[in-house]
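Please look over this structure with me before we discuss it. My notes follow as numbered points.

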Amino acid sequence: MEALLEEVQRVGYVNEPVADNIDLVAEINRLKKEKNAVILAHYYVDGAIQDLADYIGDSLGLSQQAAATPADMIVFCGVHFMGETAKILSPEKKVVIPDLNAGCSLADSAPADKFAAFKAQYPDHIVLSYINCSADIKALSDIIVTSSNALKIVESLPKDQKIIFAPDANLGRFVSKKTGRDMVLWDGACIVHIDISLDKLNKLRHDYPDAKFIAHPECQEHILSQADYVGSTTALLKYVVDSPEQTFIVGTEAGILHKMRQAVPHKKIIPAPASQNNTCACSECPYMKMNTLEKLYNCMLYEQPEIIVPEDVRLKAYESVARMLEMSK
């Protein structure tokens with residue numbers, strides 16, 4: 001086991017071969033029951049993992065599930081900060097993720113030391129941080145928000161309350177514009193959402209003139225200005241399901257298309273095009289795609305890699321996350 005732990009620390013995941021004759025789906029389900037584990041998955045991970053999960057959702061829904069689950073072990077299929085959030089909310093539970101390398105460009109854009117210095121420049125401001133940030137940033141924050149509840153939380157604060165919004169500047173600008181609140185923004189961004197190409201999008205809209213373009217607020221302002229609807233991942237899914245329209249161009253990470261197509265198989269769902277030339281002609285998060293069935297199986301079998309959050313950081317971070325959950329009721 002010691003050698004295994006050393007290997008996990010070195011490569012970031014359990015690098016054990018999986019026999020070709022193993023039925024991964026059956027074995028993952030067996031391990032889930034045997035270990036009283038719950039599998040939480042973000043909408044952006046591979047569809048095969050979504051189909052296995054006990055709960056699929058966006059950051060707000062996943063946080064609520066992590067706080068409420070009676071399971072002994074939380075298996076988080078997403079990215080590192082999501083596993084940290086689960087550990088912050090459920091410290092008594094073992095939290096594991098398939099690959100520690102599954103980071104987040106947005107979370108990485110806010111190093112804790114630099115953000116602490118930035119925060120010190122505005123002593124009369126409170127800090128609202130988007131949940132896509134590290135445990136250290138959550139510990140430096142007053143309230144955590146998600147794309148689902150940011151508008152509601154900002155609007156609930158006193159009009160004269162000065163606000164720092166971090167780390168996503170695009171979401172911050174969207175919230176500022178919607179609420180009329182002037183906020184100090186940390187200049188962070190998600191590589192997936194800022195990579196959507198306006199030129200390619202315009203061509204796609206020309207090819208599908210009846211399509212509704214819907215987008216996540218992490219997209220850049222010039223992309224959001226073209227959208228027929230802007231909302232969180234869950235809100236985009238609901239819009240596609242509820243709308244009488246039949247064709248949609250979706251401006252967010254392409255993993256959500258799996259659930260959309262399951263929900264409305266008769267509708268045409270098209271991913272918004274990325275600036276890069278890639279195999280899917282869509283916006284994909286390389287970190288989310290580090291979650292594979294093989295890594296998930298090994299993660300559950302060996303209960304590694306485990307998410308550890310230092311208790312002093314966890315306690316401070318818990319206050320800001322708990323405040324969000326309370327304000328989201």
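1. Does Cys-77 count as buried or exposed? At 0% relative accessibility, Cys-77 counts as buried. Buried means under 20% relative accessible area, exposed over 50%, and partly exposed in between (1.4 Å probe, protein chains only).

2. A word on the source. This is a predicted model: local features need pLDDT of at least 70, side-chain atom pairs count only at pLDDT 80 or more, and totals for chains, interfaces and linings use all residues. Residues are numbered from 1 along each chain as its sequence is written, and side-chain values use heavy atoms, with hydrogens and water left out.

3. Now the cysteines. A disulfide is a covalent bond between the sulfur atoms of two cysteines. Here the test is a pair of cysteine sulfur atoms within 2.5 Å. Searching the whole structure gives 0 disulfides. For Cys-77, the nearest cysteine sulfur is that of Cys-299, 7.1 Å away. For Cys-219, the nearest is that of Cys-190, at 8.4 Å. Cys-219 is buried too, at 1% relative accessibility.

4. UniProt, in an unreviewed entry, lists a "binding site" that includes His-42, Ser-59, Pro-217 and Glu-218. Positions follow the numbering used here, feature names are shortened, and annotations may be inferred rather than shown by experiment. From this set, the lining of the largest cavity takes in His-42, Ser-59, Tyr-130, Asn-132, Ser-147, His-216, Glu-218 and Thr-233. On a 1 Å grid over the protein atoms alone, a cavity is a set of points where a 1.4 Å probe fits but cannot get out; lining residues have an atom within 4 Å of a point.

5. Take His-42. It is found in strand E1 (residues 37–42). Strands (E, at least two residues) and helices (H or I, at least four) are DSSP runs, numbered from the N terminus. His-42 is buried, with a relative accessible area of 4%. Among the residues it touches are Ser-59, Cys-77 and Met-288. Contact means heavy atoms within 4.5 Å.

6. Pro-217 sits in the loop between strand E9 (212–215) and helix H12 (221–224). Pro-217 is buried, at 1%. Its contacts include Ser-147, Asn-170 and Phe-174.

7. Last, helix H2 (residues 24–34). Its buried residues are Leu-24, Ile-28, Leu-31 and Lys-32. They cover an arc of only 105 degrees around the axis, so they lie on the same side of H2. The arc is that of the directions from the helix axis to the C-beta atoms. On the other side, Lys-33 and Glu-34 are exposed. The buried residues pack against E1, helix H3 (47–52) and helix H15 (293–302).

Conventions. On a 1 Å grid over the protein atoms alone, a cavity is a set of points where a 1.4 Å probe fits but cannot get out, and a pocket is an open set with protein on both sides within 12 Å along at least five of seven lines; lining residues have an atom within 4 Å of a point. Lists of a residue's contacts leave out its neighbours within four places in sequence.
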